[in-house]
Amino acid sequence: MQLTKTQVKVRCELGICRNAAEFTVAPSHVGIRSRLHVCRGCLSEICALFEKEKAQEKAQAKASAGAAHETPPQESAATPSAPKKKTKKAVKGEEE
Ligand SMILES: [Zn+2]
């Protein structure tokens with residue numbers, strides 16, 4: 001995955017944003033059609049949201065780990081645990 005400056009004149013592809021794209025996100029080994037063009041505003045917003053999400057997941061993992069430590073084993077099965085899928089997804093995202 002690479003982040004480069006957009007070389008062509010295209011618009012930001014995020015939602016209804018109509019700003020001129022400034023950055024291009026290019027996954028490895030794919031054609032030009034698979035690239036994502038985004039403006040600076042949207043990119044920084046995505047980054048901010050992702051940082052926030054990661055912080056929340058970290059806090060949740062810490063809280064659930066602490067809870068599991070305090071809760072007796074026979075009761076932990078009945079206790080609804082933190083969403084594990086989210087954490088898995090985030091880890092995958094970081095690897096790319
Ligand atoms: Zn945008």
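A: What follows starts with the whole chain, then turns to the sheet, a loop and the core.

This is a predicted model, in which local features need pLDDT of at least 70 and side-chain atom pairs count only at pLDDT 80 or more, while totals for chains, interfaces and linings use all residues. Residues are numbered from 1 along each chain as its sequence is written.

The secondary structure comes to 3 helices and 3 strands; helices (H or I, at least four residues) and strands (E, at least two) are DSSP runs, numbered from the N terminus. Along the sequence the pattern is β-β-β-α-α-α.

The term pLDDT stands for the predictor's confidence in each residue, from 0 to 100. Its mean over the chain is 81, and 66% of the residues reach 70 or more. Confidence is highest in strand 3, at 94, and lowest in helix 3 (residues 84-95), at a mean of 57. Where pLDDT is low, the predicted coordinates should not be read in detail.

Now the sheet. Strands of a sheet pair through backbone hydrogen bonds, either parallel or antiparallel. Here, 3 strands form an open sheet in the order 1-2-3, with antiparallel pairing. Strand 1 and strand 3 (36-38) are the edge strands, each pairing on one side only. From one strand to the next, the twist averages 25 degrees; axes are lines fitted to C-alpha atoms, for helices over the stretch in contact, and angles run from 0 to 180 degrees between N-to-C directions.

Two strands count as paired if DSSP finds at least two bridges between them. Strand 1 and strand 2 run antiparallel and are joined by 4 bridges. Gln2 has Ala26 in strand 2 as its bridge partner.

Gln7 lies in the loop between strand 1 (2-5) and strand 2 (23-26). Gln7 is exposed because 8 other C-beta atoms lie within 10 Å. A residue is exposed if that count is 12 or fewer, buried if it is 20 or more, and partly exposed in between, with C-beta atoms placed from the backbone.

Of the 96 residues, 6% count as buried. The largest nonpolar core has 5 residues: Cys12, Ala21, Val38, Cys39 and Cys42. Such a core is a set of buried Ala, Val, Leu, Ile, Met, Phe, Trp, Tyr and Cys residues joined through C-beta atoms within 7 Å. Leaving aside neighbours within four places in sequence, Cys39 is in contact (C-beta atoms, placed from the backbone, within 7 Å) with residues including Cys12, Ala21 and Glu22.

Notes. Two residues are in contact if their C-beta atoms, placed from the backbone, lie within 7 Å.
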